Amino acid sequence: MVRACLKAGVQEFVVCAGARNAALLEALARAEAQGRVKVWRHFEERSAAFFALGRTLSTLSPCAVVTTSGTAAAELLPAMIEAHYQARPLVAITADRPARFRGTGAPQAIEQPGMFGPHATSDLATWSGNGPLHLNVELEEEFTLSEVTFEAAAEFEPVTERPNVAGLARWLKTDIYRGLVVIVGGLEPLDHEEVFHFCQSLGVPIVIEGTSGLREALQGFALPDADRLLKGNPPGKVLRLGDVPTGRFWRDLEEMPAVEIWSITRSGFSGLARHSDVIHGEVERVLKAIGEVEPVGDVLDHFEGTGRKNSQIDELLEAFPDSEPAMVRTLSLYASFGSSVYLGNSLPVREWNSFAQWDRPVTMVRANRGANGIDGQASTWLGWTADQSGAWAMIGDLTALYDLAAPFVLDQVETSGRVLAVINNHGGRIFERLPRLSAMSPRAVECFTNPQMADLSGWAKLWNMKHVRITNADDFDLIEQSDETVLLEVLPDAKQTADFWKAWDRL
Ligand SMILES: Cc1ncc(C[n+]2csc(CCOP(=O)(O)OP(=O)(O)O)c2C)c(N)n1
């Protein structure tokens with residue numbers, strides 16, 4: 001199994017032990033001693049799988065997570081689903097009891113083959129490398145391993161197809177009077193240069209997300225408060241580059257059949273239930289294939305008033321300096337001096353898009369936007385940034401409480417300058433932004449938002465993180481350069497946050 005993995009370019013393994021996978025662990029330890037693989041260890045399989053997913057974001061090569069049999073294997077499902085929708089080469093190697101035990105109720109014997117359903121393939125020989133793979137290995141508990149020599153891993157080469165761009169190239173030149181807007185979602189670092197030049201050449205208004213890594217560089221074309229602006233004045237054509245967008249306008253497009261949509265995406269998912277056209281491929285390669293484009297410009301005058309809107313937003317942030325959006329702005333100023341930023345789902349990813357600083361380019365920004373879960377966020381971040389100093393993350397409090405075992409790996413990763421910022425607004429406050437909440441009963445609202453008052457300093461203590469509590473904008477000066485991981489607990493002022501959003505809704 002280890003040899004087959006090396007041949008397919010799998011070089012990193014996150015191992016979670018149990019009696020059943022002992023032979024695999026021993027083989028991997030020997031391969032590591034021969035300098036052929038990197039082994040990480042964990043005990044919590046759900047976190048381990050997200051950590052492995054994070055490794056694929058860093059290396060753009062496969063990473064395997066190795067479990068024992070039974071529910072240990074089942075814990076991998078959320079990360080496998082996330083890897084499926086992100087098209088990442090996450091490999092689940094699940095040790096199993098021999099087939100004769102299936103259906104008998106014998107200890108730690110469950111139905112493992114095919115347990116990830118349509119979210120994973122199971123044939124290493126035909127694996128494209130563009131999504132997760134499940135390898136189920138039946139093993140006896142007793143084993144003897146003879147002397148083994150492992151070869152160096154082969155180069156990982158995912159299958160790529162030549163994109164057909166003729167239709168899109170024509171579309172970019174036709175009926176341009178209807179107005180074109182580009183939405184830039186999550187991109188790979190390799191895409192940056194090509195996307196930057198493409199957007200500059202077109203000169204159209206763009207909706208730019210932090211995970212593009214180009215948010216600040218393309219600010220001159222960015223529409224502030226794009227969701228409301230575009231709903232009121234929709235373009236005739238939308239071109240999406242990269243991952244499925246986070247913003248509300250993308251969802252509103254479901255109900256706007258007159259708007260024509262093309263997507264260029266490495267995952268191949270349209271992200272919409274309505275008709276749209278999709279080119280499946282690396283954004284960089286597709287744009288190169290299109291070649292030079294004619295300028296289109298701001299046909300529908302979307303840029304009119306963007307300067308005013310930007311000043312209004314700045315004024316609001318100044319008027320409510322301890323509100324959550326203003327705290328995110330301040331935090332982003334500090335994080336921009338780090339090496340990368342990971343954004344948790346829920347409000348962090350949205351508040352970063354709308355309110356983060358615009359002056360310093362932050363090019364390394366990631367989020368798990370495949371299935372949009374709040375699970376496994378800290379673990380994905382730790383995997384992605386395992387060998388980086390100055391890595392920042394910003395996640396919600398329920399999101400943090402979901403992944404309490406994540407910091408188990410802290411003594412295996414780089415911790416210098418590492419900052420895990422938790423925006424502790426005491427519950428799932430994204431739901432307070434839903435209009436329907438005002439029509440719900442107080443009990444339902446309570447169940448929805450899950451208010452909580454957990455003392456996060458206890459979590460910091462548990463894993464030897466340095467706890468810093470921030471209750472107003474000036475407290476950010478308390479952050480000092482440290483070799484330990486800092487758990488930055490940011491406590492926005494609830495009243496100021498509510499007042500900020502009231503004023504925002506009136507803008
Ligand atoms: C695994 C999973 N369960 C439930 C949800 C639904 N959900 C979306 S956001 C959210 C609340 C998140 O709360 P928190 O992390 O505190 O962030 P905030 O909303 O305050 O920004 C929940 C439960 C989800 N996305 N993923």
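Colleague: How do the residues of the shell around the ligand divide into nonpolar, polar and charged?

Modeller: Ala, Val, Leu, Ile, Met, Phe, Trp, Tyr, Cys and Pro count as nonpolar, Asp, Glu, Lys and Arg as charged, and the others, Gly among them, as polar. Here the shell holds seven nonpolar, eight polar and three charged residues. Please note that this is a predicted model, in which local features need pLDDT of at least 70 and side-chain atom pairs count only at pLDDT 80 or more, while totals for chains, interfaces and linings use all residues. Residues are numbered from 1 along each chain as its sequence is written, and side-chain values use heavy atoms, with hydrogens and water left out.

Colleague: Which residues come nearest to the ligand?

Modeller: A residue is near a molecule if one of its heavy atoms lies within 4 Å of it. Of the 18 residues around the ligand, the nearest are S346, L398, T399, G427 and R429. Helix α15 (397-402) supplies the largest share of the shell, four residues; α13 (347-355) and α15 each give at least two. Helices (H or I, at least four residues) and strands (E, at least two) are DSSP runs, numbered from the N terminus.

Colleague: Which polar backbone atoms lie by an oxygen atom of the ligand?

Modeller: A polar contact is a pair of N or O atoms within 3.5 Å; within protein, one must be able to donate a hydrogen and the other to accept it, and residues adjacent in sequence count only if both atoms are side-chain atoms. A polar backbone atom of L398 is 2.9 Å from an oxygen atom of the ligand, and for a backbone N or O atom of R429 the distance to a ligand oxygen is 2.9 Å. A nitrogen atom of the ligand lies 3.2 Å from a backbone N or O atom of N372. The protein buries 76% of the 590 Å² that the ligand exposes when taken alone, with accessible areas from the Shrake-Rupley method and a 1.4 Å probe.

Colleague: In what order do the six strands form an open sheet?

Modeller: Strands of a sheet pair through backbone hydrogen bonds, either parallel or antiparallel. Two strands pair if DSSP finds at least two bridges between them. The order here is β12-β11-β13-β14-β16-β15, with parallel pairing. Pairing on one side only marks β12 (365-366) and β15 (466-470) as edge strands. Five bridges join β15 and β16 (486-490) in the parallel sense, and H467 has L487 in β16 as its bridge partner.

Colleague: Which strands does helix α12 touch?

Modeller: Contact means heavy atoms within 4.5 Å. Helix α12 (324-335) touches β11 (340-343), β13 (391-396), β14 (419-423), β15 and β16, and its direction makes about 165 degrees with that of β13. Axes are lines fitted to C-alpha atoms, for helices over the stretch in contact, and angles run from 0 to 180 degrees between N-to-C directions.
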